[in-house]
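Please look through the model shown here, with its sequence alongside, before reading on. The paragraphs below are meant to be read with the structure in view.

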Amino acid sequence: AARVRPCHPFHAVVGPPTIAGPRPPPDAGSRRHRHRLLSRHRSARETRGPGHRMTPNQRTSLLSLSLLDGLPAPVRADIVGAARVRSLDAGSIVFSEGAPAAVFCVVLGGSVKLVQLSEDGDAIVFRVLGHGDALGTGSVLGYDAYPVSAVAVTAASVVEWPAAVMRQYLEQHPMLSLNVLRSVSDRLQALRLQYRQLATEKVERRVARALLKLVPRVGTRVDD
């Protein structure tokens, strides 16, 4: 009798990806400008393939992430086994603003920026994420679509779970839910701090602080 290969959770849950079109702009000029930006954005080697199983080093790195803190070893192994890894070139899109929120992700290597396009076509960078940072958390919190785009700043690797699969894990393991909640809370705390800095600090100091935060995420050590 022929053997049937079991289906990976991604193949069972996540269908072909879709890229949502831009929101209606206020006039024809900004429509053309926005269209050019989106086209350029999407043509930057967008990778949305099936991904691949992680290497032993990637698996070890994932098992040590704060996302899995406090979970029993068998549970952590089960969650890691349901994931896939995507390798991304710089400029590749992880997910697009307005696309169905179907995947929960964690950055395993490199850096990824969260971007939103204004109605005038201006790109607004909200945050640059690095190793261990979660993105697409709205997919497990009831969002129908992603509110921002996620784009690789450098060559990067991202670990992904289908939202439905990760939601089941969150329902079964309260510690995992707390870890995700802590990640969201930390993001909100950072946003509050940014608002305070905008209101109280000079531009030069804010720029210096931002550069210091970016160095460990996207900086490269060089010899003098």
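What follows goes from the sheet to the helices, then to the aromatic pairs and the nonpolar cores.

This is a predicted model, in which local features need pLDDT of at least 70 and side-chain atom pairs count only at pLDDT 80 or more, whereas totals for chains, interfaces and linings use all residues. Residues are numbered from 1 along each chain as its sequence is written, and side-chain values use heavy atoms, with hydrogens and water left out.

Helices (H or I, at least four residues) and strands (E, at least two) are taken as DSSP runs and numbered from the N terminus, and two strands pair if DSSP finds at least two bridges between them. On these terms, four strands form an open sheet in the order 1-8-3-6, with antiparallel pairing. Strand 1 (84-88) and strand 6 (134-135) each have a single partner strand and stand at the edges, so one side of each has no neighbour in the sheet. Burial is judged by relative accessible area (buried under 20%, exposed over 50%, partly exposed in between, with a 1.4 Å probe and protein chains only). Four of the five residues of strand 1 are buried, so this strand is largely enclosed by the rest of the structure.

Helix 5 (residues 163-172) lies across strand 3 and strand 8 (156-162), and runs at about 70° to strand 8; axes here are lines fitted to C-alpha atoms, for helices over the stretch in contact, and angles run from 0 to 180 degrees between N-to-C directions. In helix 4 (residues 73-81), the buried residues are Val75, Ile79 and Val80. These residues cover an arc of only 135° around the axis, which puts them on the same side of helix 4, the arc being that of the directions from the helix axis to the C-beta atoms. The exposed residues Ala73 and Pro74 are carried on the face of helix 4 turned away from its buried side.

Rings of Phe, Tyr and Trp (its six-membered ring) pair if their centres lie within 6.5 Å, and planes under 30 degrees apart count as stacked, over 60 as edge-to-face and the rest as tilted. The count comes to two aromatic pairs. Phe95 and Tyr146 are stacked, at 3.9 Å centre to centre with 15° between the planes. Phe95 lies in strand 2 (residues 93-95) and Tyr146 in the loop between strand 6 and strand 7 (149-152), so the pair ties together parts 51 residues apart in sequence. Phe95 counts as buried at 5% relative accessibility, and Tyr146 counts as buried at 5%. The ring centres of Phe104 and Trp161 are 6.1 Å apart with the planes at 45°, so this pair is tilted. Phe104 in strand 3 and Trp161 in strand 8 are 57 residues apart.

A nonpolar core is a set of buried Ala, Val, Leu, Ile, Met, Phe, Trp, Tyr and Cys residues joined through side-chain atoms within 4.5 Å. The largest has 25 residues, and those with the most contacts inside it include Leu62, Ile79, Phe104 and Trp161. Helix 5 gives the largest share of this core, four residues. A second, separate core of 18 residues includes Val103, Val107, Val112 and Ala152.

Methods
Contact means heavy atoms within 4.5 Å.
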